[in-house]
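Below is a brief report on the strands and backbone angles of one model. Please keep the structure open while reading.

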Amino acid sequence: MMILGGRTGHGCVKIDAHRIIIVGGEDADGTEHSSGFIYDVRTQQSTPLRNVMPAAIAGCRAVVYGVYVYVLGGIDVSAQCVNVMYRLCLVTGEWTTMAPMS
């Protein structure tokens, strides 16, 4: 079982009946993260994602559509607002940087 520290400002979304994906956010020291994990509510265990997001962000939002999780908005490690969207394929675990939001 993976032991995790607390996070705030993370993106999260339900990906199926028993699992939630959690990405980005910041820890108690204010450090933004590019990592993520899948939490299974039945087993109460977390599994780290195979790959990290292309950038560390906090204050982001996540939505799921089909086999993809989209992570949008937030602030970067310089506390600057970002207009980037990242897409995670739940099948391959690969991240894609999408076109900037305008």
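Strand β2 (residues 19-23) pairs with strand β3 (residues 36-40) in the antiparallel sense, over 5 bridges. Within this pair, Ile20 has Tyr39 of β3 as its bridge partner. Strands here are DSSP runs (E, at least two residues), numbered from the N terminus. Two strands pair if DSSP finds at least two bridges between them. Strands of a sheet pair through backbone hydrogen bonds, either parallel or antiparallel.

## Basis of the model

This is a predicted model: local features need pLDDT of at least 70, side-chain atom pairs count only at pLDDT 80 or more, and totals for chains, interfaces and linings use all residues. Residues are numbered from 1 along each chain as its sequence is written, and side-chain values use heavy atoms, with hydrogens and water left out.

## The sheet

Four strands form an open sheet with antiparallel pairing. Their order is β1-β2-β3-β4. β1 (11-14) and β4 (45-48) are the edge strands, and each pairs on one side only. From one strand to the next, the twist averages 20°. Axes are lines fitted to C-alpha atoms, and angles run from 0 to 180 degrees between N-to-C directions.

## Positive phi in two loops

Most residues other than glycine have a negative phi. Gln44 is not a glycine, yet its phi is positive, at about 60°. Gln44 sits in the loop between β3 and β4.

Ala79 is not a glycine either, and has a positive phi of about 65°. Its loop lies between β6 (68-72) and β7 (85-89). Ala79 counts as exposed because its relative accessibility is 53%, where exposed means over 50% relative accessible area (1.4 Å probe, protein chains only).

Methods. Buried means under 20% relative accessible area, exposed over 50%, partly exposed in between (1.4 Å probe, protein chains only).
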